[in-house]
Amino acid sequence: MHGIQQALEYAAKMQSSSSLNVGSFVKSQTSKYGMESLVSPSRMMTSPSRVSTRRVESSAKVSGTVIIGSGPKVNILERSELVSIEMEILIKTLERSRKKAAKQHALLKAQLEEIGVREADIIRATEFFKEDVIISGWDRIAQRIPAEIWIRFMMEWLKVADTQIGKLRLRTSTLNTQYSKLKGQIKVKAELSECLRAVDFEKLKIENKECVEIIEYKLHQLGELKKMTGDANLNLTIHKKAMMEQNTYLTNVLTSIQDKQKQAVQCDKEKDVIEAEAGKLLQRLQEVKTVRAAYEVPDIMDYVNVKSEVTDLRHSIKLLENRSRIQQIALTSLNRKLKTIYSSV
C-alpha cells in the first residue's frame, strides 16, 4: 500500500496528460502480459473494494512484475486500481455535471418562458395604454391627456395585477403543497424499500393468497347474486305486466266514473228544470182548482141565447165576406177598364 500512496502523491502532481499516459501504458502492459481482463471496462467500473479482493487472487502471478518509469515503482494491479478509482471519480464528476447542466437548462428554460410571458404582458399593456389613455383619453380642446384618465388606468391596472398575483400565489401554494406531499411519499417509499426483507415478501405472498381466496369467495357470491337478480328481474317483469293490466282497468274505471259524474251533473240539471216545471204546473193546478171551485154552471136559456147570437154573427160575417168579394171583383174589373182607357188615350 506504500506504493499506492506514492502513486497518489505523484498523480496529484501530474496533469491530465499523465493520466492518459498511464492508461495507455496500462493497456500496453496488460496486452504484453495477457492481463486484458484486469483493465476491461467491466472491471474498471467496479469499486476499489472488489479490485482489492481480486488482487489477492492474482497476486501470486504478477507480484514480481514492476514497471520502471520516471515516477515511483507501481505494479499492474495498483495501476489498474488507480485507473478504476480515477474512472469512478470521473463518472461521479460527469453525473454531477449532468445534473448541474440539467438544472441550468431547466432554469434557463424557465427564464426564457418568464421573459416570453413578460414580453407578452408588456405588449398587451402598451396596447391597452395606447387605446385607453393615448387615443381615447386625448382631450382635443386642451390638447393634452387629463391626469384623471392616467390615474384611473393605473388603478385599474394595479387591481388586475393584484388579482393575477393572488391567483399565482394560490397556484404556487398548491404546487408547493403537492411537492411536499410527493416528496414525503417518495421518502416513505425509499424508507420502505430500504427496510424490505425476505420476510416481508413472504408476508406479501401470504396476504396475496388470502386476497385471492377472498376474491374467489366474492366472485362466488357475485354469481349467486346474479342468479338472484335474474329471478328478481323475471318476477319484476311478471308483476309489471300485472300492474299494467291493473292500470288499464283502473283507467277504464276512472273514465266510467267520470262519465257517471257527468251524467249525474246532467241529471241534476234536468232535475232542477223538472222541479221548476213541476212548480209551475202546481201553480197552474192551484189556479185551475181555484177557478173550478169558483165556477158556477150557467142557465140553459142564457146558453141558448148566446148560441143563437153566435150563429147570427157567423151568418152576418159570411154575408159581409161575400159582399167584400163581389166588390173586390168589381174593383178589379173597373181597374182593367181604366187601364184600357188610359192605354187608348
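The report goes from the overall fold to one helix, then to its charged pairs, a surface patch and the cysteines.

This is a predicted model, in which local features need pLDDT of at least 70 and side-chain atom pairs count only at pLDDT 80 or more, while totals for chains, interfaces and linings use all residues. Residues are numbered from 1 along each chain as its sequence is written, and side-chain values use heavy atoms, with hydrogens and water left out.

**Overall fold**

The protein has 9 helices and 0 strands; helices (H or I, at least four residues) and strands (E, at least two) are DSSP runs, numbered from the N terminus. The order of elements from the N terminus is α-α-α-α-α-α-α-α-α. Of the 345 residues in the protein, 10% are buried. Here buried means under 20% relative accessible area, exposed means over 50%, and partly exposed lies in between (1.4 Å probe, protein chains only).

**Helix H6**

Helix H6 covers residues 76-135. Its 60 residues should span 88 Å at 1.5 Å a residue, and the end C-alpha atoms of H6 are 84 Å apart, which agrees. The expected span is 1.5 Å times one less than the number of residues in the helix. At phenylalanine 129, H6 bends by about 30°, the bend being the angle between axes fitted to the seven residues ending there and the seven starting there. Among the buried residues of H6 are Ile76, Leu77, Glu78 and Arg79, as well as Ala125 and Val133.

**Salt bridges**

The whole structure contains 3 salt bridges, each defined by a side-chain nitrogen of Lys or Arg within 4 Å of a carboxyl oxygen of Asp or Glu.

| Glutamate 95 | Arginine 98 | 3.7 Å |

Glutamate 95 and arginine 98 are both in helix H6, 3 residues apart, or about one turn of the helix. Aspartate 121 and arginine 124 are likewise 3 residues apart in helix H6. Glutamate 114 and arginine 118 are separated by about one helical turn because they are 4 residues apart in helix H6. An α-helix has 3.6 residues a turn, so residues three or four places apart point the same way.

Glutamate 95 is partly exposed at 35% relative accessibility, whereas arginine 98 is exposed at 52%. Glutamate 114 is partly exposed at 39%. In the remaining pair, aspartate 121 is partly exposed at 32% and arginine 124 is partly exposed at 36%.

**Nonpolar patch**

Ile134, Ile135, Trp138 and Ile145 make a nonpolar surface patch of about 370 Å². Patches are made of residues with over 30% relative accessible area and no salt bridge; like charges are joined within 9 Å, and nonpolar side chains (Val, Leu, Ile, Met, Phe, Trp, Tyr) within 5 Å. Accessible areas come from the Shrake-Rupley method with a 1.4 Å probe, and for residues only the protein chains shown count as cover. Tryptophan 138 sits in the loop between helix H6 and helix H7 (147-195). The relative accessible area of tryptophan 138 is 39%, so this residue counts as partly exposed.

**Cysteines**

The count of disulfides is 0, a disulfide being a pair of cysteine sulfur atoms within 2.5 Å. Cysteine 211 is partly exposed, with a relative accessible area of 42%. Cysteine 267 is also partly exposed, at 44%.
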